[in-house]
Every structure is written in structure tokens, then in C-alpha cells.
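Below is a short briefing on one chain.

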Amino acid sequence: MHNQRHYPYVTIPPGASPLPNLSPLQAYQDEFEHNAPSGDLLNPWDQTPTTRHPNGRPGELRSRPRTRSAYEPVPPTISFPEPEIHRFASQRTTLHPYSPRHRSSKSDDGHGSLPPSGDHSTRPFTPVTPDSASSMHYPPEDDVLNQLTRELSNVSLYSEEGLRLFQAGHQLAEKDEEWHRLVPPEAQEALGKIEVERQSVLFELFKSERDYVEDLRLVTEVFIEPLQFAKPPVIASDRLRPFVQEVFWNLGQISVHHERMLAALFERQLDQHPLVQSVTDIVLETCFQFQADYESYIKHYPIAEERHRTELSRNKNYQVFIQKCSQDPRMRKRDMITFLSRPVTRLPRLHLILEHIQKITEPGHPDLEDLPLLLNILSDFLKSTQPGIAAAENRVKYWNVCESLTMPKGQIMDLDWYNDSRSLVYSGPVARRSKSEMDWHPWTDLFAVLLDNYLLLTKEERRTGGILKRYVSSRPIPLEYLKLGSFEGQPESRRERSEEGGILDSLRAQYKPIYPFTIYHSADKLERRYTLYAPTESAREKWRNALVETKGIDDVRRDANKWFAPQLVDDGSFRSPGAYTPRGFGSKASGRVVNAVSFTAAGGKRLMAVGCATGIYVGLRGDISFRKILSYGNPSSIIVLQEFNKFIVHHESYLLSYSLDILARVAMYQAPASSLDASMEKIAGEDGTVLFCTVGRIKQRMIVIYALKSFFQITVHALEACNLSELRRTPSRGSQGTISSFRPFGEPLYVPKDAYSVMALAKMIAISTEKGIVIADPTDATRQIIQVVPDFSGATCDSTDMADLKTRCEDAKPLGLIRTETREILVVYDTLGCYITKQGVPHRKCGFILWETKATSFAHRGSHVMLFSSEFIEIRSISTGRLDQVIEGSDIRLLMHTNLKSHSADDPLFVAMRGTKDDKDGVSDKIIELVRTGDFNSTQTPMTPTPVDGLWDEWDM
């Protein structure tokens with residue numbers, strides 16, 4: 001944007017009168033003394049006849065065209081001696097022979113900040129002192145006048161040349177790169193003190209912008225390009241590009257913005273010097289353009305700085321490279337951090353300069369309207385980046401803490417470190433009292449780290465080279481399980497040795513007050529209860545505030561990002577006698593819920609069958625009126641085979657089957673109860689006691705598996721469910737000549753006496769025993785028992801790790817197996833989990849995952865395993881063991897967990913827990929269904945591992 005004006009905008013003092021016409025020698029007789037010392041050059045801003053009268057004709061004033069600012073009103077023409085404002089030679093009608101007749105512009109050379117070509121552009125610029133002017137020797141007056149006219153042309157050329165040398169950068173002496181050094185004193189006096197200060201500040205803006213652009217160029221020339229083309233490479237080729245991107249981010253885009261702005265500023269300076277009216281329009285336009293790039297860089301800067309420091313501490317070649325870069329004279333003893341931080345400090349500095357300009361701008365100037373707008377934009381932008389900077393700095397601290405952590409050997413801990421939302425909330429030193437009473441120094445110094453999802457207690461150790469390591473001394477506590485105890489305890493005294501004085505002083509004890517606070521794990525309130533001590537009361541209060549705030553945020557975050565959402569099915573239909581229940585009324589209560597299944601009746605109606613202490617109740621789902629259909633109290637299992645029209649009940653020692661269709665009709669009062677009894681079929685129990693049972697798909701067939709105890713042995717039987725078309729008259733185990741809905745699948749298996757559960761795999765069955773999980777194949781009579789897993793005899797990991805895992809597994813109770821997406825199998829125990837290969841050998845260096853709670857049962861849904869205890873449902877990732885969700889309750893029971901559909905995620909999962917009602921009708925049991933959630937605007941697909949030939953050939957799941 002160009003401003004056009006005819007005259008400089010100069011304030012003329014009131015009462016000014018024209019000066020008398022004097023000859024050059026009369027007017028400047030004090031300036032030209034023949035006996036003055038010689039040796040200095042003329043000062044181009046000293047008064048000469050030609051500077052007072054540019055045409056060399058005293059008394060004659062000429063108005064010359066000059067650009068006027070768009071913000072400046074045209075002042076009226078006043079007849080008075082023109083102020084001592086120097087004009088460029090290019091604005092005269094009479095020019096020096098070597099001065100250009102056309103001033104180079106952006107359209108000519110492509111860059112307004114470049115100096116003009118020619119010898120005079122490189123000639124050193126030396127301002128001339130007033131004393132040197134007196135050393136001149138003059139001929140007669142006419143010759144003197146002509147000589148001074150030519151001399152003024154030279155002075156004018158040097159003045160414009162000096163400005164261009166300034167714009168070229170560091171071509172002038174540092175003391176000469178000031179506005180007052182390029183403007184004659186007469187012009188400064190005519191402008192007045194305030195305007196002189198304003199022009200000086202504007203000149204500082206030009207100068208600082210020039211230096212800033214030069215520094216951005218140096219980053220590329222000194223750091224980036226030599227680093228990219230270094231031979232041999234300073235950083236490995238596979239890491240070089242990500243490193244350059246992460247450290248230097250978008251400096252290139254920022255540099256482009258400022259090069260454009262600098263070109264426009266220099267063009268304005270050449271056009272309006274020495275009286276630059278305004279640069280607000282240029283800065284404002286650029287400000288709108290560079291905000292997005294600056295926001296990205298400023299928020300990323302702490303990460304870039306830390307990445308540079310980390311590489312510097314670990315890579316000796318990079319240290320040598322940086323040291324070599326620092327030897328470049330253009331660096332001026334500045335390190336790389338200084339250059340990386342230049343964009344961060346540039347905008348605040350620019351804001352200060354513009355704020356100064358606003359303060360010294362006289363009333364009526366257009367800048368008083370435009371500068372506040374620009375300052376507000378810059379101020380709001382800088383404020384908006386502060387949270388981003390704080391977040392990035394916190395991110396760097398978080399990375400430093402994570403890098404310093406050393407986990408206990410053998411444990412697999414996925415703390416979700418690489419999630420972008422993870423952050424460090426608070427950290428600091430704490431102390432813990434030792435349990436040993438014989439210890440002279442019963443205190444242990446710890447470093448506590450509060451992340452946004454875990455609390456860690458660590459011990460610090462400084463290694464050789466200054467590397468800090470923090471060893472996790474106790475298992476990290478997830479915030480879902482973290483509970484706060486007392487923070488009001490009285491301070492205690494800690495005995496410490498004196499660190500000052502001599503030997504005797506060192507033996508004296510010092511006592512320092514420390515302030516206790518208590519935290520504990522909600523699933524293990526006694527064993528995992530910690531009393532920590534803060535060094536000061538304010539530190540204890542900070543810990544309290546940080547813990548309360550972080551837990552509150554974590555609760556909101558978890559509530560909004562549930563993997564499985566509990567949906568209420570019923571709360572109030574099933575009651576147990578309570579404190580408010582009248583005597584004798586408890587006999588009418590249904591009792592505690594132990595099983596629940598859902599199915600679809602004819603007509604598409606959704607029904608539920610609920611097993612309670614007093615029997616099995618059936619009703620419409622969502623309806624509070626359930627009808628007692630069967631009197632089997634506390635059934636061990638209830639199973640629905642929808643496609644085979646079967647309702648299977650395991651009660652005490654029997655395994656029975658009913659018609660599902662008739663059951664639904666009886667529940668809806670469409671058939672008599674006697675018809676249901678007529679459809680009953682005894683599957684097992686005549687020859688022994690049924691211990692446990694389950695249903696699953698083996699080799700694409702629906703198989704009912706149960707364990708039968710007879711005499712002194714336990715046998716596992718497998719029966720295949722049949723459709724009506726497949727029914728045939730076959731002798732069953734209990735009676736002759738009846739129609740059986742099930743037929744044998746393979747041969748009975750003899751298993752250890754301590755077996756307590758069974759589960760169906762894809763091709764075999766897994767039987768849980770006290771000593772491990774037995775893999776068996778009922779269809780292969782030659783080798784029914786395949787092996788017991790985990791198989792520690794074939795482990796290839798370190799013997800110590802293997803021995804530790806073996807000991808832990810022997811002390812735990814195995815619950816079952818789950819296949820992962822990584823071609824491994826997760827063995828689920830009540831207190832831990834471990835990974836094995838398809839051959840049953842421990843994998844992942846014999847590592848193990850410790851559950852936060854002791855599980856009584858588990859369920860597999862999609863990519864997650866659910867661990868059920870009396871107070872918590874712990875939901876973890878199968879492939880990593882990461883804790884993704886915790887559901888808290890009271891008296892939690894898993895009601896249905898069979899995987900009968902093609903995808904396990906499609907099976908309903910019912911859970912019972914204590915309800916919210918406790919009145920005269922008794923204490924309610926709440927039944928909920930855990931429904932898998934999905935991302936907005938996305939479709940959730942169940943986990944379907946890609947089949948691999950030869951995989952799971954022996955005992956697939």
C-alpha cells in the first residue's frame with residue numbers, strides 16, 4: 001500500500017518568519033574556517049547553502065512533488081522557509097551524474113529491500129562530523145556556490161545510499177543504524193521532540209524486523225541445510241526427517257510472511273523517509289495472514305526445544321555439529337535455542353513497539369484509530385496461545401517423567417502413555433515411614449507423580465552422566481481405584497542428620513516437621529494403603545487440590561468415554577428381605593438374582609428368564625411383572641438355545657431341557673404349566689452329579705458340555721444339539737426308546753478331580769483345574785488330553801522370569817482362555833493374566849498383568865476382557881492389558897456370558913448388583929446390560945481376526 005503526499009507533514013511553530021537572504025559565505029561563515037583541523041569527512045547533515053536552498057539560489061523556495069500518506073490530511077500551503085528536511089537526489093531536477101534517475105522499486109528488482117546495483121551501493125557510508133566541514137578550502141564566491149551545489153548532490157546520494165545500506169543489513173556501523181544518524185539536525189528540530197521520538201521508534205520497528213528475518217534465514221542456512229546434507233550424517237537417515245520436522249516445525253512458513261512484510265516496510269521507508277507516516281496497514285495485513293502459522297509454532301515450541309535438548313544429550317555427533325554451527329560469525333555467540341525461540345518472542349516485542357508508537361502519536365493522527373485495533377488483535381492472539389504453550393510445556397515434562405520411569409521387572413504395564421490426551425498433573429517429593437522399627441533412619445524418600453490417569457510412587461536415582469532414573473516402588477494406582485483419606489493430620493517430626501559442621505555436628509540429629517496425608521486403593525483398602533508425608537503444609541494442600549481436581553476430571557472423562565455403557569433392565573422386581581421388611585413378608589420376596597437370559601418369543605416379543613433364590617421367573621423385558629414358571633431355586637446355570645428351541649437349566653445335580661416356545665407361552669398365560677413339564681428332557685444327572693456346564697460352538701456345531709461326578713472320578717461329556725429334522729429315536733443315557741434332542745459329540749473325557757469349569761474352544765475344549773487349564777479333544781480317542789497350559793517346560797525366556805511367572809500362576813486360580821489379535825492366547829487367572837503361544841508356551845518374556853481386583857469370573861466381548869468381582873467390573877484390552885474402564889457397584893454378579901453368536905460382541909451381557917431400593921418390600925437387585933458403545937459418525941465392527949492357514953490347528957478357540 002502506497003501513501004502519496006506533496007509535502008512533509010511538519011508542524012510550524014506559530015510566529016515563524018522568513019529568514020533573510022544571505023550569501024553562502026555570510027550565512028555559513030562560522031562553518032567554514034580555513035584554519036580548522038583536517039582529516040574528517042563532511043557530515044552530510046551539516047548546514048550548507050545548498051541544504052538550506054537546494055537549488056543553490058538563496059531565498060528561492062520550490063515545491064517539489066512528494067508522496068503523501070493515505071492517513072494524512074493535505075496541509076495548507078504556507079509561505080515560510082522550508083524546514084531542514086533532506087530530500088533524496090532522486091527527487092531533484094538537478095541530479096548528480098552518478099545518481100540514478102529512477103529509484104528502484106519492487107516492480108524493478110523484485111524486492112524492495114535490496115540495495116541498488118552499482119559501485120555506490122557497496123561504498124562504505126561514513127557520516128561526516130561538523131568539525132571536518134571547516135577543513136574545506138574555498139575559491140571565490142561564485143565557484144564556491146557551484147562547488148557546494150555539487151557537494152550537496154553527493155551528500156544526497158550518500159544519504160539514500162546509507163538508507164539502502166541499512167536495509168541491506170549490517171552494512172553500516174552499529175551506531176549509525178539509528179534514525180537520527182540518517183536525518184539532519186535541522187529536520188529533527190523542525191519536527192519537534194515527540195515526532196522525532198515517534199520516527200525513531202518506527203525506525204526501530206524496521207530494524208528489528210530486518211534482524212528477525214535475517215535470523216530466520218540463518219536457521220535454514222546454518223542449521224537445517226548443513227544438517228540435511230551432512231556427510232557422514234549427523235542423525236540416522238530414518239530419523240533425520242522426523243527430527244527436522246519436529247524441531248524446526250513451520251519456521252519456513254513464518255519466514256515467508258515476514259519477508260513479505262519486510263519488503264513492504266522497506267518500500268514504505270524508501271518512499272517516505274525521513275517522515276514515515278504509518279506502517280499500521282502493513283503490519284495489520286500481515287497479522288491476519290500469519291496467525292495460524294504462529295499459533296501452531298508457539299504451541300509446539302516446548303516440544304521442539306525438548307527434542308533438541310534430548311538429541312543433544314544422547315548424540316555426540318549432534319553435539320559436534322551444534323558446536324561447529326556456533327562458530328559461524330553470523331551467530332554472534334547465540335545458541336540454537338535462541339533462534340528456535342525467536343518466533344515466540346517476536347510478537348510480544350512487536351506489540352511493545354506498536355504500543356510505544358501509540359503512546360507518542362499526536363492527537364488527530366490516523367494511527368490513533370488503527371493502532372488500537374492492531375494492538376487488540378495481537379494481544380488477544382498472544383493470550384490465546386498461552387494455554388497452548390502451557391500444554392506443550394506440560395507435555396514435555398510428561399515425556400521426561402515417562403522416560404525416567406523404570407517398571408518392576410516382569411510386569412506388563414500399559415499406562416496408556418502414548419495417548420495424546422495424557423498429561424502430567426503434579427509431581428513432587430514425599431516421604432514414607434518404613435515399617436521396620438529397628439531402622440535408625442525409618443524414612444524413605446519418594447518422588448510422587450500424578451498423571452491424569454495414574455498415581456505413581458517412585459524412588460529417584462542419579463546415574464553416571466546425570467541421567468535421572470525413577471524406579472516405581474509400588475504398583476501404580478489407577479485414578480478409578482484411588483481414594484483419598486485424611487489430609488488433616490497433625491505434623492510429625494522427622495529425624496535427620498545434620499549436613500553442616502564437623503564430624504560431631506553430623507552425628508547430631510535434626511528434626512523437621514512433615515505433614516501426613518493418606519491415600520488408598522479402593523479394591524484393597526488394607527494392603528494398598530499409603531500414608532505419605534509432604535515437606536510443607538502448603539505442599540500437602542497442593543497435593544490435595546491436585547488429587548481432588550484430577551479425580552473429578554477423570555470421572556467426567558470416563559463417564560463420557562465408556563467402552564461399555566450400563567443400561568438398566570430392571571430395578572425393583574426382584575427383592576431380598578431387608579432391614580425394613582416386615583416379619584413374615586420376606587417369604588414373598590424372589591430372593592437374590594443369580595442368572596438371567598433373554599430370548600425372543602413368537603411374534604418378536606423380547607422376554608427374560610431370571611433365576612433367583614426361590615425359582616425361575618419369566619416376563620417381558622422392561623415389564624415389572626415377572627411370573628414364576630419353574631421352582632428351581634438358585635439354579636447354577638440357565639442357557640437358551642434360540643435356534644434349537646431349547647431352554648436348559650442346571651439345578652443341583654441335574655441338567656434339564658425344556659421347550660423354549662412353551663416356556664414363553666406359559667409365561668404369557670397362553671398355555672398351562674403342565675405343558676411345560678411335558679416338554680422336559682433330562683440331559684444328565686441320572687448317572688451322577690452334574691458339577692458344571694456350558695454351551696459353545698465347536699467346529700461350527702452347537703455343543704453342550706458338562707462335567708459329571710460319579711464315584712471317585714470326573715468325566716466331561718459333550719453333546720451336540722439337534723434340529724427337529726435331525727431328531728431320531730436313539731437310546732439316551734437315562735431311558736430307552738425316547739426321542740433325544742442331543743446326540744453325543746465324541747467320547748467322555750477323564751479329567752482331574754479338581755476341575756471346576758469348562759469352556760468351548762473353536763476345535764477343542766478347555767477345562768480349568770487347580771494346576772492349570774487342560775486342553776482336550778473329545779473327538780480324538782487316541783489323544784484326548786492334549787496338554788496343560790501354560791507349559792513352563794518349553795519356555796524360552798529368562799529362567800528367573802519364568803520361575804517368577806510359574807510361582808504366580810501356581811498361586812492363582814485359572815478361569816479360562818481368550819485369543820488375541822496378535823496370534824497369542826491370554827490365560828485369565830483370578831489375580832493376573834499372561835500370554836502364551838498356540839503351543840501353550842509363555843510369551844512376551846514371561847511377562848504378566850496384575851489385575852487391580854480379584855476376579856471371580858470373566859467375560860470376553862470384542863477386543864476386551866471383563867473381570868468381575870463383588871465391587872468392581874474391570875474392563876481391559878485383551879492385546880495390551882490396558883485398563884480402559886472400571887464399573888463400580890455392590891454385590892456384583894455375572895448373570896450370562898455365553899458366546900453363542902458368530903461374534904462375541906453381539907451376545908447380551910447381563911450383570912446383577914444391589915439396587916437403589918430398600919423399603920418394606922425388601923432390598924432390590926438391579927439388573928443391567930453392558931452394551932458396547934461406538935464413536936460418533938462411525939460404525940463399530942466386531943473383532944474378526946483374519947484366518948491364517950495352519951494357525952490354531954491344534955486347539956483353536
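Helix α9 is mostly covered, with 16 of its 22 residues buried; buried means under 20% relative accessible area, exposed over 50%, and partly exposed in between (1.4 Å probe, protein chains only). The model is predicted, so local features need pLDDT of at least 70 and side-chain atom pairs count only at pLDDT 80 or more, while totals for chains, interfaces and linings use all residues. Residues are numbered from 1 along each chain as its sequence is written, and side-chain values use heavy atoms, with hydrogens and water left out.

**Chain overview**
- The chain has 19 helices and 39 strands; these are DSSP runs numbered from the N terminus, helices being H or I of at least four residues and strands E of at least two.
- Of its 957 residues, 50% count as buried.
- Among contacts between residues at least 6 apart in sequence, 61% join residues at least 24 apart, where contact means heavy atoms within 4.5 Å.

**Helix α9**
- α9 covers residues 251-272 and reaches 31 Å from its first C-alpha to its last, close to the 32 Å expected at 1.5 Å a residue; the expected span is 1.5 Å times one less than the number of residues.

**Packing of α10 and α13**
- Helix α10 (residues 280-314) packs against helix α13 (residues 342-359) at about 145 degrees, with the axes 9 Å apart; axes are lines fitted to C-alpha atoms, for helices over the stretch in contact, and angles run from 0 to 180 degrees between N-to-C directions.
- On the α10 side the residues are V283, F290, Y294, Y297, I298 and Y301, and they meet P343, V344, R346, L347, L350 and L354 of α13.
- By class, this contact has 11 nonpolar residues, no polar ones and one charged; Ala, Val, Leu, Ile, Met, Phe, Trp, Tyr, Cys and Pro count as nonpolar, Asp, Glu, Lys and Arg as charged, and the others, Gly among them, as polar.

**T769**
- T769 is in strand β26 (residues 765-769) and counts as buried because its relative accessibility is 2%.
- Its side chain reaches the backbone oxygen of G772 at 2.6 Å.
- Leaving aside neighbours within four places in sequence, T769 is in contact with P752, D754, A755, Y756, V774 and P814.

**Y511**
- Y511 lies in strand β9 (residues 509-521) and counts as exposed because its relative accessibility is 56%.
- Y511 and E496 are 15 residues apart in sequence and 6.1 Å apart in space, C-alpha to C-alpha.

Technical notes: Polar contact = N/O pair within 3.5 Å; in protein donor to acceptor, adjacent residues only side chain to side chain.
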